[in-house]
Amino acid sequence: LCFAEAQEYSSPVVHSDRTVTLKILAPNAKVVVLQGSFTTQPIPMEKDPNGIWTATVGPLKPEIHEYSFLVDGAKTIDPRNRNVKKWRILDSVLEIPGDPPLRHELRPIPHGTVHRHWYQSESLGRTRGLFVYTPPSYDSKGSKRYPVVFLLHGMGDDESAWLEVGKANFITDSLIAEGKAQPPVIVMPYGHAVPDSRNRAEAFASNTDNFERDLLEDVIPFVRQRYSVRVDALGQAIVGLSMGGGQSTTIGLRNLDKFAWIGGFSSAVSGQRADERFPELISDVGKSNEQIKLLWIGCGSSDFLFQRNKSFLTWLESKGIGHIYRETDGGHTWRVWRKYLAEFLPLLFVEN
């Protein structure tokens, strides 16, 4: 190793005042800047004699923050930080703890178990992955059947996103420990059912229909064979964010005999041509409203999908479909969706 490569340094370093020092070794670079969810403008970094570039930011709000470096214009993650957000492009992530701890933080409370599975999707002809969360009280040998939540990720993500970035398991653990949510089994499948639907519009166009077949014909039977879960509509919920929000609202509203609890966060959904997508839903609105125990729609006011959600809400109102709408500050970000999940879960599986 050359002298510069052998330099020891840590990044990120979170200080007691919630400021954060970030560094990257780039001895031959001319310009290095820091960009992240905590700033609207790139932050210039300073180079020391050993070729290490440094910037200190903050104090930052308690949250999970994303960041990256631009090294002479080329984006790179932090090579000293093993915590990354996997998307179509990677970002590094850092966490500022709260006092008291935020609901998504790891706390000394009973924790559930996360299981990873691979299954053969007969409907799609491919082997696919999914994660299943079981709550702390779950007993595979007991007679109790647990309600189940199908939790869907967004475009470009995979089945790990709600765990690695969304912290869905820790949020659920916290709500259960606080007595605010019924202990559910949570199923997190892979939402890209069409190859290359992450990157090509023509492939994405048929993605929801294909994912619906995979979910109904393969994922749900797979889960029921291995877990003690309820099979009635009152015991099943479906919710997702962005692409997954479009999938959850579409699949949920097309299958009210299977899902009585439906949610969408910053959903990729629209009121355009909705009559064609949901003919059964609007053919007997009274019956549909009886079947729907919860239709929860949330979106940040600065989200790029805000107007599409408003369009869908206008359509729901014009048809008389009952729903709850939650409009908040914020854009198309995980800090919004983690909060939505914490609001949504306590509303589920509540006896009338």
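**Arg 335 and its surroundings**

Reply: With neighbours within four places in sequence set aside, Arg 335 is in contact with Ser 37, Glu 63, Ile 64 and His 65. The model is a predicted one. Arg 335 belongs to helix H10. Between Arg 335 and Ile 64 there are 271 residues of separation in sequence, yet their C-alpha atoms are 7.3 Å apart in space.

Eight strands make up an open sheet with mixed pairing, in the order E11-E12-E14-E13-E15-E16-E17-E18. Strand E11 (113–121) and strand E18 (324–328) are the edge strands, each pairing on one side only. From one strand to the next the twist averages 20°. E11 pairs with strand E12 (residues 126–134) in the antiparallel sense, over nine bridges, and within these strands His 115 stands opposite Val 132 in E12.

Two helices that pack on this sheet concern us here. Helix H2 (residues 168–177) touches E11, E12, strand E13 (148–152) and strand E14 (185–189), and its direction makes about 25° with that of E12. Helix H10 (residues 334–344) touches E13, strand E15 (236–241), strand E16 (261–265), strand E17 (294–300) and E18; the direction of H10 makes about 155° with that of E17.

The two helices also meet. A pair of packed helices is described by the angle between the axes and the distance between them. For H2 and H10, the axes come within 10 Å and cross at roughly 35°, and the crossing is right-handed. On the H2 side the contact involves Ala 168, Ile 171 and Leu 175; on the H10 side it involves Arg 338, Leu 341 and Ala 342. Five of the residues in this contact are nonpolar, none is polar and one is charged. Residues three or four places apart in an α-helix point the same way, because there are 3.6 residues a turn.

H2 itself is mostly covered, with nine of its ten residues buried. Among them are Asn 169, Thr 172, Asp 173 and Ser 174, along with Phe 170 and Ile 176. The cover over the buried residues of H2 includes E11, E12, E13, helix H1 (161–164), E14 and H10. After H2 comes Gly 179, with a positive phi near 70°.

As for the nonpolar cores, the largest has 38 residues, of which Phe 150, Leu 215 and Leu 253 touch the most other members. Two or more residues of this core come from each of E12, E13, E14, helix H4 (207–226), helix H5 (243–254), E17 and helix H9 (306–319). H4 gives the most, six residues. Neighbours within four places in sequence aside, Leu 253 is in contact with Ser 248, Ile 262, Phe 278, Leu 281, Ile 292, Leu 295 and Phe 312.

Apart from neighbours within four places in sequence, Asp 214 is in contact with Tyr 119, Ser 121, Ser 123, Leu 124, Arg 128 and Val 219.

How values were computed: Residues numbered from 1 in each chain as written. Predicted model: local features only at pLDDT ≥ 70, side-chain atom pairs only at ≥ 80, totals over all residues. Heavy atoms only, no water. Pairing = 2+ DSSP bridges. Helix = DSSP H or I, 4+ residues; strand = E, 2+ residues; numbered from the N terminus. Axes fitted to C-alpha atoms, helices over the stretch in contact; angles between N-to-C directions. Contact = heavy atoms within 4.5 Å. Left-handed = near helix turned anticlockwise from the far one by under 90°. Nonpolar A, V, L, I, M, F, W, Y, C, P; charged D, E, K, R; others polar. Core = buried A, V, L, I, M, F, W, Y, C linked by side-chain atoms within 4.5 Å. Buried < 20%, exposed > 50% of the residue type's maximum accessible area, 1.4 Å probe, protein only.
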